[in-house]
Amino acid sequence: MTHFPRRELLGLLAAGGLARPFTVRAADYPTRAVSIVVPYAAGGSSDVVARFTAEMLRPRMDGQPVVVENRPSANAVIGMQHVARAAPDGYTLLLGGASTNAVNPHLYRRKPYDGIADYTALGLVGTGPLVVSVHPGLPIHNLQELIAYAKANPGKLAFGSSIGVTLHLAGELLKTLAGIDMLHVPYNSNTQALTDVVAGRLQVMFDPVSNSAPFIADGRLRPIVVPAPRRAAALPDVPTSAEAGLPAFEVLTWFGLYGPAGMPAELVATLNRRLNAGLAERTSVERLARLGLDPAPTDPAGAAAYLRADSEKWAEVIRRIGLVVD
C-alpha cells in the first residue's frame, strides 16, 4: 500500500483523487459549534480580533455557536499545529496573521509547520498600518532625517521589540533598505519597549498606530513615517514611506481567517461569503477602526496571494539577518 504524507493526502482528497473519509456539504454547514483557534493567550491583539470575527460570524452560522479557543505557548506553534492537523471540515478555523503565517515558519531551524501549505486561506479580516516614531528629544522630524542621523551616528539609534515579531523585522527591513545601522534591543513584550522609548531609554519605535497614537497625541512620541500605502486615519499629517522617499518600506499588521489544508472549494466559498458580508457592515467597520484596522474583504485566492507575498518578504529579511530559533 502506498503511504502519502498528510499534506499530499489532503491534496488528493481535495482533488477527488481518493474517496473522502467524511462528507461536507456547504448547504448543511454548520451543524455544530465552529471553533476559531488563537495560538496566543487571551487579551492580545490576535485574541481581540478573533473574538470580533466570531461575533461577526455567529448571526451567519444558522444558529450554531462560534467560539474562540486560545491555545498559547511555544511562540504560537502549538495552536498552529492543532489547526493544521484538524479535519478540513470547517469546524476548526484559525485566526492567523503576519507573525503566525508569514514570519514564524521561517524563524525555526526545523520548520514546525508551513504557514502556507498547511492551511486554506478563507479571507482577510483586517489590515492596519504601523508608525515609526522617535523620542521627541532627538533632532529627527522625518524619515530622511532619521536616515541621515543613523548614517552619521552608526549604532547610536536603538529600537526595541520582542524577537522575531513583525515590529522587529520592520526595523531590520528599514536598516537594509536605507543602508543604516540601528541596534535592536530584545524585550519580552512590545509594550515594554514602547514604555522605554517614551522614557527616553530607547530612541526609535516601530508600533501599530493604535498603540502609539495616545503617546503621539500628548507629545511623548514624535511620528516620522507610516510605512503603508496610504496615510493612517488617526495620523493624517504623517507621510507614508512612499511620500517620504522610500516606497519599498511597507509593513502592515494583518489578520486572516484560515482552515486546515484540503478544505472543499464549496465550503471555502461559503465561509468567504459570510466573512465578507460581515465585514461590509457599518458596525464592523467601526469596531475594526477602534482596533486600528481597516476591513480587508477579499476572495480566497486574493488572501492566499497576500500571504505568499508577505511570507516571501519576511523570509528574505530573516535570511539576511541570520535570525534562527532552535
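**Reading the model, feature by feature**

Guide: We start with a helix and its surroundings. Helix H4 (residues 98-107) is mostly covered, with eight of its 10 residues buried. Keep in mind that this is a predicted model.

Visitor: Which residues of H4 are buried?

Guide: They are Ala-98, Thr-100, Asn-101, Ala-102, Val-103, Asn-104, Pro-105 and Leu-107.

Visitor: What covers the buried residues of H4?

Guide: The cover includes helix H3 (77-84), strand S3 (92-97), strand S4 (119-134) and helix H6 (166-178). Strand S9 and helix H11 are also included.

Visitor: Next, aromatic rings. How do I describe a pair?

Guide: A pair of aromatic rings is described by two things: the distance of the centres and the angle of the planes.

Visitor: How many aromatic pairs are there here?

Guide: The count comes to four aromatic pairs. One of them is formed by Trp-254 and Tyr-306. Their centres are 5.5 Å apart, and the angle between the planes is 80 degrees. Planes over 60 degrees apart count as edge-to-face, so the pair of Trp-254 and Tyr-306 is edge-to-face.

Visitor: Where in the chain do Trp-254 and Tyr-306 lie?

Guide: Trp-254 is in strand S9 (residues 252-260), and Tyr-306 is in helix H11 (residues 300-321). They are 52 residues apart, so the pair links distant parts of the chain.

Visitor: Is Trp-254 buried or exposed?

Guide: Trp-254 has 1% relative accessibility, so it counts as buried. Tyr-306 has 26%, so it counts as partly exposed.

Visitor: A ring can also meet a charge. What sits over the ring of Tyr-91?

Guide: The charged end of Arg-32 does, 3.8 Å from the ring centre.

Visitor: Now two helices. At what angle do H2 and H10 cross?

Guide: Look at the axes. Those of helix H2 (residues 45-57) and helix H10 (residues 282-290) come within 11 Å and cross at roughly 175 degrees. That makes H2 roughly antiparallel to H10.

Visitor: Which residues make the contact?

Guide: H2 brings Phe-52, Glu-55 and Met-56. H10 brings Ser-284, Arg-287 and Leu-288. The contact residues divide into three nonpolar, one polar and two charged.

Visitor: Let me pick one. What is Ser-284 in contact with?

Guide: Leave aside its neighbours within four places in sequence. Ser-284 is then in contact with Phe-52, Met-56, Gly-278 and Leu-279. At 3% relative accessibility, Ser-284 counts as buried.

Visitor: Last, the backbone. Which residues does a cis peptide bond join?

Guide: Tyr-29 and Pro-30, with omega about -5 degrees. Pro-30 is in the loop between helix H1 (6-15) and strand S1 (34-38).

Visitor: And phi? What is the value for Asp-62?

Guide: Phi of Asp-62 is near 50 degrees. That is a positive value in a residue other than glycine. Asp-62 lies in the loop between H2 and strand S2 (66-70). Asp-62 counts as exposed, at 54% relative accessibility.

Visitor: What about phi of Ala-76?

Guide: Phi of Ala-76 is near 80 degrees, again a positive value in a residue other than glycine. Ala-76 is in the loop between S2 and H3.

Visitor: Is Ala-76 buried or exposed?

Guide: Ala-76 is buried, with a relative accessible area of 1%.

Definitions and conventions:
Residues numbered from 1 in each chain as written. Predicted model: local features only at pLDDT ≥ 70, side-chain atom pairs only at ≥ 80, totals over all residues. Heavy atoms only, no water. Axes fitted to C-alpha atoms, helices over the stretch in contact; angles between N-to-C directions. Helix = DSSP H or I, 4+ residues; strand = E, 2+ residues; numbered from the N terminus. Parallel < 35°, antiparallel > 145°, perpendicular 65-115°, else oblique. Contact = heavy atoms within 4.5 Å. Nonpolar A, V, L, I, M, F, W, Y, C, P; charged D, E, K, R; others polar. Phe/Tyr/Trp six-rings, centres within 6.5 Å; stacked < 30°, edge-to-face > 60°. Buried < 20%, exposed > 50% of the residue type's maximum accessible area, 1.4 Å probe, protein only. Lys NZ or Arg CZ within 6 Å of the ring centre and 35° of its normal.
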